[in-house]
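Grab a pencil and take them one step at a time.

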Amino acid sequence: MNEFSYLFLLFLFLTTATQLWLSWRQQAHVAAHRPKVPEAFSGMLSLEQHHKAADYTITKVRFGRLELFLGLALLLILTLGGGLNWADKQLVALGHSELVTGTLVIVAVTLFSSIVSIPAALYSTFVIEERFGFNNSTMATFWLDRLKGLVLSLLIGVPLVMAVLWVMQSLGEYWWITAWVALTAFSLLITWIYPQIIAPLFNSFEPLEEGEVAERVKSLLSRTGFQSNGVYVMDGSRRSGHGNAYFTGFGNNKRIVFFDTLLKQLSAEQIEAVLAHELGHFKKRHIIKGFILSAAMSLAGFAILAWLMKNAWFYTGLGVEQSSTYMALILFVLISPAFTYFLSPALSWVSRKHEFEADAFAANQSGGRHLVSALITLYRENASTLTPDALHSLFYDSHPPASIRIRHLEEIDHGAA
């Protein structure tokens with residue numbers, strides 16, 4: 001243990017304590033507002049539906065605390081507990097080059113972490129989601145998804161890890177700039193190929209059938225000048241009862257995707273409003289802004305890593321005896337969340353600002369009332385709480401709370417009138 005060990009433990013304690021405090025606040029706030037439907041939503045959903053949303057939220061919050069403790073235990077075992085140091089010694093003894101050894105260590109740690117997370121994923125899917133009527137997945141689908149994800153991670157992740165480690169070992173003091181450029185380019189490539197190569201490995205996608213919804217979608221795309229590579233329906237109901245819609249890809253490979261559950265839950269006008277909101281993100285350049293922010297944070301992260309890896313105290317302070325490029329990378333990835341957690345409100349603020357702008361765009365294109373009714377339907381069907389704790393929401397919610405978001409849309413409509 002050295003000074004950096006105590007600094008790490010301090011940030012880990014502050015982060016964990018804050019997460020627990022916010023968790024208890026969320027549970028208490030939702031429970032306190034459970035008995036009565038909020039006045040702003042009176043008549044829009046039943047007391048039974050409101051109770052379901054509260055119970056679902058509280059159940060997930062409680063389970064989240066268990067996951068928090070399990071994650072904390074795993075982190076401490078791998079670092080100060082000597083887990084990484086032990087794994088490093090075992091794999092170094094095989095006699096491979098530093099590049100191969102580093103890749104093996106990273107793959108081993110990643111696989112171990114994934115295996116440890118499986119019980120929580122099983123419980124979340126087949127107990128919590130099942131209890132509230134959202135799970136449509138089977139054990140066969142669950143394990144097949146895990147297998148596909150593992151194979152895909154190995155096929156994509158191993159070459160990427162080897163490339164990054166080679167850059168770290170071979171390109172001198174400013175390796176981090178080259179690594180950042182390579183990782184950014186790789187991210188763009190994955191985003192571009194995702195719609196046609198990766199996503200179909202897990203779900204089936206069919207073109208949106210002709211009808212009122214398709215006509216409204218075509219009209220909206222035409223008047224907003226959005227060019228896409230098609231509008232598709234995904235079989236989301238094969239795994240879950242939750243509904244959603246999203247854009248994927250970029251450039252000439254953009255796609256609009258609706259969950260089949262969403263099409264069953266919303267009317268044609270509501271679907272148009274939801275799509276208008278998503279188009280608002282595109283028209284306001286939120287996708288590009290988000291990518292630039294993410295890239296800037298990655299660049300800062302690589303620069304910090306380049307400094308840390310030169311210092312022996314970084315390794316010894318985290319339970320690792322022998323310094324190496326690959327161990328620096330693993331340690332940095334593992335401990336970064338403890339040091340960056342308190343940036344969450346700032347990132348949420350940026351995201352919420354974008355959501356308000358996209359809502360305003362949707363209100364101007366399809367009418368705010370249709371988006372309001374669509375949102376209320378989605379809150380109801382997805383059992384999303386309408387009464388989140390403000391501080392918890394500030395840290396964790398990328399979207400504004402329901403009451404604030406809907407009031408904002410109603411003000412836009414009143415202003416237009």
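Before we start, a cut-off: buried means under 20% relative accessible area, exposed means over 50%, and partly exposed is in between. Keep in mind that this is a predicted model.

**Exercise 1.** Work out whether Lys284 is buried, partly exposed or exposed.

*Solution.* Start with the place: Lys284 sits in the loop between helix H9 (268-283) and helix H10 (286-308). Next, take its relative accessible area, 39%. That value falls between the two cut-offs, so Lys284 is partly exposed.

**Exercise 2.** Decide how the rings of Tyr341 and Phe395 are arranged.

*Solution.* By the ring-pairing rule, there are 15 aromatic pairs. For Tyr341 and Phe395, the ring centres are 5.4 Å apart and the planes meet at 25°. Planes under 30 degrees apart count as stacked, so this pair is stacked. Now locate the partners: Tyr341 is in the loop between helix H12 (325-340) and helix H13 (344-366), while Phe395 is in helix H15 (residues 390-396), 54 residues apart. Tyr341 is buried at 8% relative accessible area, and Phe395 is buried at 14%.

**Exercise 3.** Find out how Tyr341 and Tyr396 pair up.

*Solution.* Their centres are 6.3 Å apart with 55° between the planes, and the pair is tilted. Tyr396 belongs to helix H15 and Tyr341 to the H12–H13 loop, so the pair ties together parts 55 residues apart in sequence. As for Tyr396, a relative accessible area of 38% makes it partly exposed.

Key:
Residues are numbered from 1 along each chain as its sequence is written. This is a predicted model: local features need pLDDT of at least 70, side-chain atom pairs count only at pLDDT 80 or more; totals for chains, interfaces and linings use all residues. Side-chain values use heavy atoms; hydrogens and water are left out. Helices (H or I, at least four residues) and strands (E, at least two) are DSSP runs, numbered from the N terminus. Buried means under 20% relative accessible area, exposed over 50%, partly exposed in between (1.4 Å probe, protein chains only). Rings of Phe, Tyr and Trp (its six-membered ring) pair if their centres lie within 6.5 Å; planes under 30 degrees apart count as stacked, over 60 as edge-to-face and the rest as tilted.
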